Amino acid sequence: MKKALITGYRGQDGAYLSRFLLGKGYEVYGADRAGDSGQWRLRELGIEGRVKEVALDLLEASNISDALEKIQPDEIYNFAAQSFVLVSFTQPVLTAEINAVGVARLLEAVRKTCPKARFFQASTAELFGSTGSAQKNETTDFHPRSPYAVSKLYAHWLTVNYRQAQGMYACNGILFNHESPLRGEEFVTRKITTAVARIKNGLQETVAVGNLDALRDWGYAKEYVEGMWLMLQQPEADDYILATGEVHSVREFIAEAFAAAGMDLEWKGEGLDEKGIDARTGKVRVEISKEFYRPADVKELVGDAAKAKRVLGWEPKIKFKDLAALMMDAELKRQENIKVDL
Ligand code: GDP
């Protein structure tokens, strides 16, 4: 029986990957500093109690080596992070401690205690920052535009370095935005789908968001975790982009979510005064708030996952429209206490 250790296992990706690996017969160990706040994900996936909880914090070197020594995992997936881009502008040092130095602690502990373990680092499309509008691939330059992205850049190159300098099997998955009904509500897609479901059910009047013009490549997290696992099953370690290749704006996602709930939106006004209005009732449903703008945002991110398709045989099936529809469907079901198919 193979053993996998997942840091951040109660987050969206950690929870989906836990279920996927349990389904493959792995013994799954999970570490999570967020306490019980993500437990609902394991519950909804029906795997509560099946992941073995490990005390491991990326801020503390000694407990990382203790845990690795004891478990001797075959595979390690690092999802533990301060993962909010906006928060990183006000907490740049904590972000670096966890996302950058934390990965140094982890890789160093792997090198010392279980150097044969295969290591996956959740790297990010945010590394690209503003590098023009073309599809990004594994050779595109990085120009990070947030403390979050800068911290992840360090982790990315360190992972490459442990592969090259220490001969470890260490991979980066350069992940474009990937969403699901298990996404945290702070992220724009889930924030919107929960709000739209509440608006439809008369529990909320409006939702306030930030930059409507941000363009993103949104895929389905459930499919992305399979790509991550595939990265660790190859003869050689390497880095891969996971993306859908489709790009849409936040504005389009909002319209799609309302449409999936049976409401047509019309946009009126400009800039901070722009509003999304229900075409049938004339009610204002979407407003803009400065609070959700980032000091520097990434205008457009779209990825080219051709290498993952060629080498790993990985290809996303769920794209933008289906993703918005399935997230909306899940949200409406949740509000009616109907079991969600995840
Ligand atoms: P991220 O790409 O990992 O930071 O994922 P998010 O879902 O947090 O943000 C995606 C894009 O949506 C970014 O360009 C944000 O600026 C934009 N956005 C617009 N309004 C909002 C909002 O209200 N909340 C969040 N989180 N993002 C927003």
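The following exercises, each with a worked solution, examine a predicted model.

Residues are numbered from 1 along each chain as its sequence is written, and side-chain values use heavy atoms, with hydrogens and water left out. In this predicted model, local features need pLDDT of at least 70 and side-chain atom pairs count only at pLDDT 80 or more, whereas totals for chains, interfaces and linings use all residues.

**Exercise 1.** Determine where arginine 10 is placed and whether this residue is buried or exposed.

*Solution.* Helices (H or I, at least four residues) and strands (E, at least two) are DSSP runs, numbered from the N terminus. Arginine 10 is found in the loop that joins strand E1 (3–7) to helix H1 (12–23). Buried means under 20% relative accessible area, exposed over 50%, and partly exposed in between (1.4 Å probe, protein chains only). With a relative accessible area of 7%, arginine 10 is buried. Contact means heavy atoms within 4.5 Å. Leaving aside neighbours within four places in sequence, the contacts of arginine 10 include Asp32, Asp36, Arg41 and Glu53.

**Exercise 2.** Explain why helix H8 (residues 221–231) is described as largely enclosed.

*Solution.* Of the 11 residues of helix H8, 8 are buried, so the helix is largely enclosed by the rest of the structure. Among these buried residues are Glu223, Tyr224 and Trp229. Trp229 is also one of the residues that leucine 21 touches, not counting residues up to four places away in sequence.

**Exercise 3.** Give the strand order of the open sheet of 4 strands and identify its edge strands.

*Solution.* The order is E8-E15-E14-E13, with mixed pairing. Two strands pair if DSSP finds at least two bridges between them. Strand E8 (207–209) and strand E13 (265–268) are the edge strands, each pairing on one side only. E13 pairs with strand E14 (residues 275–278) in the antiparallel sense over 4 bridges, and glutamate 266 stands opposite isoleucine 277 in E14.
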